[in-house]
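Student: I would like to learn how to read this fold step by step. Where do we begin?

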Amino acid sequence: MRYALRRLLLPAMAALILAGCAGPGMMPGSSGPDAQTLLDQARSQSGQQAAASRLQAAEILARQGDTRQALEIVSQVDGSQLDPALRVRWALVMSDAGLAEKDGWSVVRATDILDSGIAIPSADAQTLRYRRGIALDMIGEPEAAADLLIGLQRDNAPYELNDEIWKPLSRLSPAGLDKLAASSNDTLTQGWVALARLYRSASGDVAGLFDRLDQWRSRYPDHPANRRLPQELSALHQVEGREIDRVAVLLPESGPLANVAKAIRQGMQARLDDARAQGEKVPALTFIDSSQQDIDALYAQATLGGAQAVIGPLSKDKVNQLETRASVPLPTLALNYGEHARNQASGLFQYGLSAEDEARQVAQRAYLDGRRRAGILVPDNEWGSRVLAAFRDRWQRDGGEIASVVSYDPSGSVTQAVSQMLKNGPSKPDMLFLLALPSYARQVPPTLDFYYASKLPVYATSQIYEGTPQPRADHDLNDVQFVDLPWMIPDAAAGGVDALPYATTYRQLATQDDPGLLKLNAMGVDALELARRLPLLQALPSTQVYGATGNLQARDDGRIQRTLPWAVFQAGVPQPLLASPGATLGASESQPTPSGDSGSTSSAATPNGTTAGSDVPGDPLGPAADNARDAATD
């Protein structure tokens, strides 16, 4: 990630102010004491003198390139003990070091000074606004980041902002773009929103995208992005002429996962037909039965058929074979995640519906919400163990504590499991991570209430929701927060069906009664869209797809990471979760910078009771699925 960091200058006047506060160790005209001397000196000082000495020490360390220690020191300075001029300096040092250390929350804390009423020199205020915009994107607030940075560009701030604006802007949902467009009617904002909309609508059709860009240029001739396109858009010329015209799809037509493959294929075909009807250039799909052939024979057949790219295989075993190779014969989007630490194969991307991915996202959000001690309820099978490991790894890496863990019997007593979770840990939990099917999950909040723990926040994965509103059945889940696919929660995720990604395709497929089938249809839709973009994913790893199954982006090893929207049950119905992560934290609390992780398995419920990510039929949380939970396919 590139940041145009403006290193701080130390004006002579500010140095004299600090010299007056730091005591006799710093004489006018001398080089002054080093950072350690100032820190030692601060121990014998109090109030503003001590704060000023520590601030100067942090400045020295930052100039020397030790931004980690500079941030640690300046974070401990109580800004309220500084006079206005020194407080501005404190904000500049802390925001600069925070960006250097990719600690977005420290930058946000420092730049809160912009709303304090303190008189800030114009140049310093612009610097702080710029850094705040970058930091807001770092902590997962792209709408606020884009709005702030566009405002800076409107005010003619002395920064090259096109790339910084494009990064959060390109990640906004359609509803987010609509909100940004409504916030200001000036040509600058409207031009940026129009550029983001055309990129999203045509990025699967590269040739069509260039035509739309020409139309945009004619409409906004004086726009800053017309003078210099964001780097990501300029780099599209690398893939001009490399559009994919034919794709081989490797799916099983027999075996335990044939029904899963059928649902994925249905989603692909529906999206293909819809895109073609809307005038997009789409690839031809050739379906190859992967049930009986080994992976090399499948690639040979695809190559002989003229394929330029491959979707599949679905089998975890086959993906495991591929990811240890140096490369694959054709650019490939596997429909599962391998089990190795990293995908090593050049040209191989991996995509699936991963509950582990969801668990990591839950851990990240709960920590940003200020939770620190997690109680955990997961089923007592292999799948539950893996999801637990994913949550635990992310939670502890961010600094969270595990208060208690209960691996429950899905057919056993909810009361006993909840009682153990509340009582058996080393400390009292301040949140609950729940992995459960709806029938089990609905019993948890009333049981918490029975044990006088009704105010314990509950965070869950998508398995908690069956996929259709059931206000009476889900009433006991009120206030439970969970992540889910945009297509499963259209009102909460996007503000309605019209704002969903691929809304026309959704309407065709959502008429079915089985929500599990719709999940797999959505996976097929996104698999097709990712495959259409394989040249983009190879040339521009930062490419993001706002898809039916979430916001999709390739990790550096080719594994696709999904970020899902949040919802909360209210009156038994999923509603948008309006509070931003971290909203419960005080301004003085230090928070981590969110970072992504890729899942390793797939686990969506399927039409026949199989888990997508499972090789055998059975209850998704029951013993029958323990042995082969992972494969998204055959």
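Tutor: Begin with what pairing means: two strands pair if DSSP finds at least two bridges between them. This is a predicted model. In it, 5 strands form an open sheet with parallel pairing, in the order β2-β1-β3-β4-β5.

Student: Which strands stand at the edges of that sheet?

Tutor: β2 (284–289) and β5 (346–350) do. Each has a single partner strand, so one side of each is left without a neighbour in the sheet. From one strand to the next, the twist averages 30°.

Student: How many bridges join β3 to β4?

Tutor: There are 2 bridges between β3 (residues 309–311) and β4 (residues 327–334), and the two strands run parallel. In that region, I311 stands opposite L333 in β4.

Student: Which helix packs on the sheet?

Tutor: Helix α17 (residues 316–323) does, touching β4 and β5. The direction of α17 makes about 150° with that of β5.

Student: At what angle do α16 and α17 pack?

Tutor: The angle between helix α16 (residues 295–304) and α17 is about 80°, and their axes are 11 Å apart. Angles of 65 to 115 degrees count as roughly perpendicular. That is why α16 is called roughly perpendicular to α17.

Student: Which residues of α16 and α17 meet there?

Tutor: From α16 come I295, L298 and Y299; from α17 come K318, Q321 and L322. By type, the contact of α16 with α17 has 4 nonpolar residues, 1 polar and 1 charged.

Student: Now a single residue. Is V247 buried or exposed?

Tutor: Under 20% relative accessible area is the cut-off for buried. V247 has 1% relative accessibility, so V247 counts as buried. V247 lies in strand β1 (residues 246–251).

Student: What does V247 touch, leaving out residues up to four places away in sequence?

Tutor: V247 touches P283, A284, L285, T286, A307, A309, V310 and I311. Take A284 as an example of sequence against space. V247 and A284 are 37 residues apart in sequence, yet their C-alpha atoms are 6.2 Å apart.

Student: How do I read a nonpolar core? Which residues have the most contacts inside the largest one?

Tutor: Think of buried nonpolar side chains joined through atoms within 4.5 Å. The largest such core has 52 residues, and those with the most contacts inside it are M268, L335, Y351, W487 and I560. Among the elements that give two or more residues to this core are β1, α15 (258–277), β3 and α25 (515–532). α25 gives the most, with 10 residues.

Student: What does M268 touch, beyond residues up to four places away in sequence?

Tutor: The contacts of M268 include V249, L285, F287 and I311, and also G524, V525, A527 and L528. There is a second, separate core of 49 residues as well, which includes A135, A181, L209 and L213.

Student: One more residue. Where is L432 placed?

Tutor: L432 is in strand β8 (residues 431–434). L432 is buried, with a relative accessible area of 0%. Among the residues that L432 touches are G375, I376, L377, M421 and V444. L432 and R373 are 59 residues apart in sequence, and 8.7 Å apart in space, C-alpha to C-alpha.

Student: And the protein overall: how many helices and strands are there?

Tutor: There are 26 helices and 17 strands. Buried residues make up 59% of the 634 residues. Of the contacts between residues at least 6 apart in sequence, 67% join residues at least 24 apart.

Terms used. Residues are numbered from 1 along each chain as its sequence is written. This is a predicted model: local features need pLDDT of at least 70, side-chain atom pairs count only at pLDDT 80 or more; totals for chains, interfaces and linings use all residues. Side-chain values use heavy atoms; hydrogens and water are left out. Helices (H or I, at least four residues) and strands (E, at least two) are DSSP runs, numbered from the N terminus. Axes are lines fitted to C-alpha atoms, for helices over the stretch in contact, and angles run from 0 to 180 degrees between N-to-C directions. Contact means heavy atoms within 4.5 Å. Buried means under 20% relative accessible area, exposed over 50%, partly exposed in between (1.4 Å probe, protein chains only). Angles under 35 degrees count as roughly parallel, over 145 as roughly antiparallel, 65 to 115 as roughly perpendicular and the rest as oblique. Ala, Val, Leu, Ile, Met, Phe, Trp, Tyr, Cys and Pro count as nonpolar, Asp, Glu, Lys and Arg as charged, and the others, Gly among them, as polar.
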